[in-house]
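Here are my notes on the model you sent over. Have it open while you read.

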Amino acid sequence: MASMKKRLILTALACFAATADAARAEDLVFQLKNNTSAVLTNFYTSPVGVNEWEDDVFGRQVLNPGESMEITIADGRDVCKYDMRFEFEEGSALDTTEDTQDLCELGEYTIHE
């Protein structure tokens, strides 16, 4: 019986620790503004040090010139520094742009030409 009680306590502690870790990992939310003359078609992020870009944040959406959009990165991580990659519509005069920012401190990011 004592063994079963001990296992229940250990299971409860493990659940509490997992919940505490999940609570620490907050979604990163900021406004992204396209201050260029071209349509922003793809926006990729990945934590600094990760060698591959993760999924396109936009999905099927695009960000037209002059528009802004609220971006939420809900990847469950508790990191702040992210690499970002911006791709513009084919045929535009703008090249793919990359930048690194502390997204925990960022309330708004404006991409310029």
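The points below cover one threonine and then the salt bridges.

1. First, the ground rules. This is a predicted model, so to speak: local features need pLDDT of at least 70, side-chain atom pairs count only at pLDDT 80 or more, and totals for chains, interfaces and linings use all residues. Numbering runs from 1 along each chain as its sequence is written, and side-chain values use heavy atoms, with hydrogens and water left out.

2. Take a look at threonine 36, in the loop between β1 (28-35) and β2 (40-47) (strands are DSSP runs of E, at least two residues, numbered from the N terminus). Threonine 36 is buried at 7% relative accessible area (buried is under 20%, exposed over 50%, partly exposed in between, with a 1.4 Å probe and protein chains only).

3. Away from its neighbours within four places in sequence, threonine 36 is in contact with residues including Phe88, Leu94 and His112 (contact means heavy atoms within 4.5 Å).

4. On to charges: the count is four salt bridges (a side-chain nitrogen of Lys or Arg within 4 Å of a carboxyl oxygen of Asp or Glu). Arginine 77 pairs with glutamate 54, closest N and O atoms 2.8 Å apart. Arginine 77 sits in the β3-β4 loop and glutamate 54 in the β2-β3 loop, so the pair ties together parts 23 residues apart in sequence. Glu54, Asp75 and Arg77 form a salt-bridge network.

5. Arginine 85 has a salt bridge to glutamate 87 at 2.9 Å and one to glutamate 98 at 2.6 Å. Glutamate 87 is buried at 18%, whereas glutamate 98 is partly exposed at 49%.

Key: Helix = DSSP H or I, 4+ residues; strand = E, 2+ residues; numbered from the N terminus.
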